[in-house]
Amino acid sequence: MRAQFVLSEIGVGLRRNLTMTFAVVVSVALSLALFGGSLLMSDQVTTMKGYWYDKVNVSIFLCNKSDAESDPNCAKGAVTDDQKAQIKSDLGKMSVVQKVVFESQDEAYKHYKQQFGDSPLASSLTPDQMQESYRIKLKDPEKYQVIATAFDGRDGVQSVQDQKGILDNLFGLLNGMNWAARAVMALMLVVALMLIVNTVRVSAFSRRRETGIMRLVGASGFYIQAPFIMEAAVAGLIGGTVACGFLVVGRYFIIDHGLDLSHKLNLINFIGWDAVLTKLPLILATSLLMPALAAFFALRKYLKV
């Protein structure tokens, strides 16, 4: 009987405040969709870091004849065979080095043509203008400075470049976007909580006569509060369900189909469905508990039961 009364009161409350309930559902859905999206973005950045940092190379570019005329680092002339042999020997002795690959001028020219063949500059380049280089795979990508210290400024070396620096800039941008999404999410959560509190108070005010009678006949505080708390929880759960739908549909259409980024951007290792599905229970639990707790504390002050 009590359960039936509570359920009937929930239905009455939701119908009486239909507009505000709809606003609560929308705000909770948007805020929790942003919450889930920010969690997935963090997972995506972590996955990309693990994927790309494992492929990072340090490149030692060697001086050629053109560099000897224009680059101060190559003022002593193009790299000699002895200097190349010494660099390779020193790299082989370093414990941080996992693998060393030498790229000749012809190979560098071929790779350039493959990547930038449509560029106007490509037609004017010749193999002798390209730089020879050593491509070094490190056991730990963080140890770049060891290579830079050992070879930067050495005779025959034009520069030492670390691909990790380029990736750090990219991941810094992605992290910045993620924090921006979290800031918007926090704002939306505040708006959702304010709407929940106001909706509960309006509902309690519209039924103040019924609650007063219940108080007079000795109804417990929890028995009076339960319908209002459950109203907020139901509205929040609906919003959480909609947020889960946003995430699932977004993952399906943006990555797998529709935009089909998984095939168009095959250089990016996208997160799988397991990462999405593991976030859904957390979103649903948050959508249920957050409105319920907000309503509970709002009613303690308002009803004074």
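Before we start clicking: a residue counts as buried under 20% relative accessible area, as exposed over 50%, and as partly exposed in between. Keep in mind, too, that this is a predicted model.

First stop: select Val242, which is found in helix α9. Is Val242 buried, partly exposed or exposed? Its relative accessibility is 33%, so Val242 counts as partly exposed.

Now widen the selection to Phe22, Val26, Leu30, Ile238, Val242 and Phe246. Together they form a nonpolar patch on the surface, with about 520 Å² of accessible area.

Next, the aromatics. How many aromatic pairs does a search of the whole structure find? The search turns up 2. Go to Phe102 and Tyr134: the ring centres are 5.1 Å apart and the planes sit at 55 degrees, so this pair is tilted. It links distant parts of the chain, with Phe102 in strand β2 and Tyr134 in strand β3, 32 residues apart. Phe102 is partly exposed at 34%, while Tyr134 is buried at 4%.

For the other pair, pick Tyr252 and Phe253. Their ring centres are 5.1 Å apart and their planes are at 85 degrees, so call this one edge-to-face. Tyr252 is partly exposed at 36%, and Phe253 is partly exposed at 44%.

Last stop, charges over rings. Show Arg251, which lies over the face of Trp273 at 5.1 Å from the ring centre. Then show Arg182, found over the face of Trp179 at 4.6 Å from the ring centre.

Technical notes. Residues numbered from 1 in each chain as written. Predicted model: local features only at pLDDT ≥ 70, side-chain atom pairs only at ≥ 80, totals over all residues. Heavy atoms only, no water. Patch = residues over 30% accessible without salt bridge, like charges linked within 9 Å, V, L, I, M, F, W, Y side chains within 5 Å. Areas by Shrake-Rupley, 256 points an atom, 1.4 Å probe, with all protein chains shown as cover. Salt bridge = Lys/Arg side-chain N within 4 Å of Asp/Glu carboxyl O. Helix = DSSP H or I, 4+ residues; strand = E, 2+ residues; numbered from the N terminus. Buried < 20%, exposed > 50% of the residue type's maximum accessible area, 1.4 Å probe, protein only. Phe/Tyr/Trp six-rings, centres within 6.5 Å; stacked < 30°, edge-to-face > 60°. Lys NZ or Arg CZ within 6 Å of the ring centre and 35° of its normal.
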